[in-house]
Amino acid sequence: MVSNSAGATHATDGEYVVSPSKFAVRAHVKYVSGLRVPINIYTHLLHVCSPFGLSDTMRDFFRLALSFLTLNYAQLPFDLTSTPSVPAIPSKRIAIVGGGTGGVAMLKTLAADLPEDATRNWDIVLFEQRYGLGGVWLPDPQVPHPPDLPETPLYPRLRTNTPHPTMTIPGFPYPPGTPLFPRHTFVRQYHDSVVSHFNLSSYIRLNHEVLSTVWHGNNATGHWQVTVLDRTHNQTIQADFDHLIVASGHNHYPNEPSLQGRQAWETSSPGREVIHSIFYREPEAFRGRNVVVVGGGASGRDIAQQVVDYANSTYVAVKEDRLSPIPYPVIPGTERFAALSHFTPHEVVFADGRSLSHIDTVVLATGYELSIPFLSSSIRSTSVVDALPDCGSLETLTNNGRYLRPLFRHVFSLAQNHPPLALSFVGLPIFVANSISDVAQALLIGHALANDTLLPSRQTQLADLRAQEAALDDPGRVGHRIVQPGGREGYQDALVAYLQAHGLGGQYGVPPSGTAFTEWWRVLGGNEGLRLRRAWLRVEELGEADQWLDSVKNGTEAEWADFMVRLVQWEKAHEEEAGLELEDEGYAFEW
């Protein structure tokens, strides 16, 4: 059922009315606005009748009547001499929340990879609250003004820190001419290209923000009531779905550690500021200032490398962590300090006792909290320091800001208040390769939806979770970071190996049995990523980028694989000839 609080429903392209397959004239919805009257009749009939217990039979009758009423109002772009067929009532209603890499991968799996016989009567809708696809790679047209959060942490000079061949959907590489470490504009365009190539646009509703999701039912049957704000028309819509797939990302709500004395330090001298990296945009803003960048993750390193060319002085404060034994890299022009401890009215004090009294700006590149506001009715919030409850006793999900549980393989909710497969997640793992990990999760979700006997019992899944957590010293703090032996390739390969072991090898997006999901060249790109980055920066400095890229004629995966092999060999020869001994940089925790 779909209702509209504003009492008006639009059917122009890019807008959500009801799931498309609820219409006998599915293809027409994109072209006409004349559907307003019959759809309004339909939604009002349902609204009026729902308090009296509208039966499924009556609801189906209204849908059928609507499908013929639309023929009288719509100026359709093709011949109507043949009688339109009326589709069956959807067997599954699926909502995907988020149009970033995870959401697009999930949509592609459901709409393009799974067997048509299984999905023919599925309703699939992807809600994206912003104006386009790409998630964090989609720029925010507004200049951020703290404390109001920007829609993305993206800054204009952002480029990938991994080679793009490792960041793709299998079988769909970046086109020829793409720099090996492209700027964000290329990554955003890649998302649009996936949607265009696989004809996914009809499932996508842009500028539609999911406000809340409430489960109505029990652990055997029920539905999600999803409330959505149509930002374009400022209208609130409600729709029911059987399955909710959350792919909304986890780079939006800043994690700002509580630091003693912060307010006193900021107010004791004009111009002092403490900002989170989500507000960072241009390094020129730090010209002539004395800056401390806190955090050892990718954003902290990137910001320090940019700011150092403009700031009067730049310091990095990095917390050593037992999960990241590899040293933080030396950034020329910066000075390394221990973790930030606290402030006094006149000094920034570090964990090793050293302090600085001339600092103007502290940038907290301290990561993000895992927060899913539209699931608040289904998640109980706890603190990172709280002991983890036994995952077998949880009626609902719990979230300490780093770790959402109980989940099977970081994907399926094991909460007891809804059926298996009612709620799943794409994109929670950290320390994995972008896109390919999302695809592995999407394949597991998609095939599980197509065959509800695919997954083991809930008790078996809980036992798997207990074993996963037992292998970690502090699972509540590690959260969804993939730090077990085998790393990122081991995680995603295991998901797909499960599908292969259940007879799906070689079909519907799953590689043949006995074949690893992660191709050898993706492993190469991950293992040699830092060397490849050094090599590519040197190629650009030498002005030879076009020459190298010209060797990739058709943009096939094989060509990009050969490209990376040649570039690694070229850089190794250079480093050996120059006698360079370079440490691997590794990845530390954001905080």
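Trainee: Which residue stands opposite Arg 380 in strand 20?

Mentor: Arg 380 stands opposite Thr 398 in strand 20. Helices (H or I, at least four residues) and strands (E, at least two) are DSSP runs, numbered from the N terminus. Residues are numbered from 1 along each chain as its sequence is written. This is a predicted model, where local features need pLDDT of at least 70 and side-chain atom pairs count only at pLDDT 80 or more, while totals for chains, interfaces and linings use all residues; side-chain values use heavy atoms, with hydrogens and water left out.

Let's stay with that sheet. Strand 20 covers residues 397-399, and strand 19 pairs with strand 20 in the parallel sense over 3 bridges; two strands count as paired if DSSP finds at least two bridges between them. The open sheet has 3 strands, in the order 19-20-21, with mixed pairing. Strand 19 (379-381) and strand 21 (404-405) are at the edges with a single partner strand each, so one side of each has no neighbour in the sheet. Strands of a sheet pair through backbone hydrogen bonds, either parallel or antiparallel.

For another example, look at strand 11, residues 290-294, where 5 of the 5 residues are buried (under 20% relative accessible area, with exposed over 50% and partly exposed in between, using a 1.4 Å probe and protein chains only). Asn 290, Val 292 and Val 294 point one way, Val 291 and Val 293 the other. In a regular strand the side chains alternate between the two faces of the sheet.

Strand 11 pairs in the parallel sense with strand 12 (residues 313-317) over 5 bridges, and Val 293 has Val 316 as its bridge partner there. In strand 17, Leu 364 is the bridge partner of Val 294.

To place these parts in the whole, the chain has 15 helices and 24 strands, and 52% of its 591 residues are buried. The average pLDDT, the predictor's confidence in each residue from 0 to 100, is 85 for the chain, and 82% of the residues score at least 70. Over residues 584-591, however, the pLDDT is below 50. Where pLDDT is low, the predicted coordinates should not be read in detail.

Technical notes:
Contact = heavy atoms within 4.5 Å.
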